[in-house]
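Open the structure in your viewer and keep the selection tool at hand. The stops below are meant to be taken in order.

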Amino acid sequence: GSALIHLVAEWYGATGRAADMFAALGFVQLPRIIVLPFWVGASFLPAGIREAVTATVSTVIFFWILFLHITAMEAAYDFDKKRAFMVLFTIFATMGMLGLGGLAFVVFGTVSLLGN
């Protein structure tokens with residue numbers, strides 16, 4: 001992941017080192033450790049509340065990690081928040097388009113096989 005982020009960041013004019021980003025991304029993932037105790041605690045809650053607590057905690061952790069990614073890029077590459085966000089957006093948009101292209105390939109391939 002850090003190599004992909006570094007590649008896209010260089011397209012946006014980064015001057016930092018990939019090793020700095022690699023080290024920063026190790027710390028960015030630490031909030032994922034917090035999710036496990038919440039999931040264990042939520043498993044003792046009633047079904048309706050369990051899903052709400054799990055979804056809320058997972059969403060908060062996701063945005064916290066996203067914020068830490070942006071902060072790590074600001075520190076490693078001397079970016080502003082907008083440029084760091086655009087690096088992540090470029091990666092997510094590219095992966096989304098590749099995923100949709102793969103899905104379309106599978107769906108249309110299956111349809112053409114069934115039609116013959």
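This is a predicted model: local features need pLDDT of at least 70, side-chain atom pairs count only at pLDDT 80 or more; totals for chains, interfaces and linings use all residues.

Residues are numbered from 1 along each chain as its sequence is written, and side-chain values use heavy atoms, with hydrogens and water left out.

Select residues 18-28, helix H2, and residues 47-77, helix H4. Helices here are DSSP runs of H or I with at least four residues, numbered from the N terminus. The two axes come within 9 Å and cross at roughly 155°; axes are lines fitted to C-alpha atoms over the stretch in contact, and angles run from 0 to 180 degrees between N-to-C directions. H2 and H4 are therefore roughly antiparallel (angles over 145 degrees).

Next, show the side chains where the helices meet. On H2, select Ala18, Asp20, Met21, Ala24, Leu25 and Val28; their partners on H4 include Ile65, Leu68, His69 and Met73. Contact means heavy atoms within 4.5 Å.

Now select Ile5, Met21, Met73, Tyr77, Phe79 and Val87, which touch the most other members of the 22-residue largest nonpolar core. Such a core is a set of buried Ala, Val, Leu, Ile, Met, Phe, Trp, Tyr and Cys residues joined through side-chain atoms within 4.5 Å. H4 gives the most to this core, nine residues.

Finally, pick His69 in H4. Is His69 buried or exposed? His69 is buried, with a relative accessible area of 14% (buried means under 20%, exposed over 50%, partly exposed in between, with a 1.4 Å probe and protein chains only).

Key: Helices (H or I, at least four residues) and strands (E, at least two) are DSSP runs, numbered from the N terminus. Angles under 35 degrees count as roughly parallel, over 145 as roughly antiparallel, 65 to 115 as roughly perpendicular and the rest as oblique.
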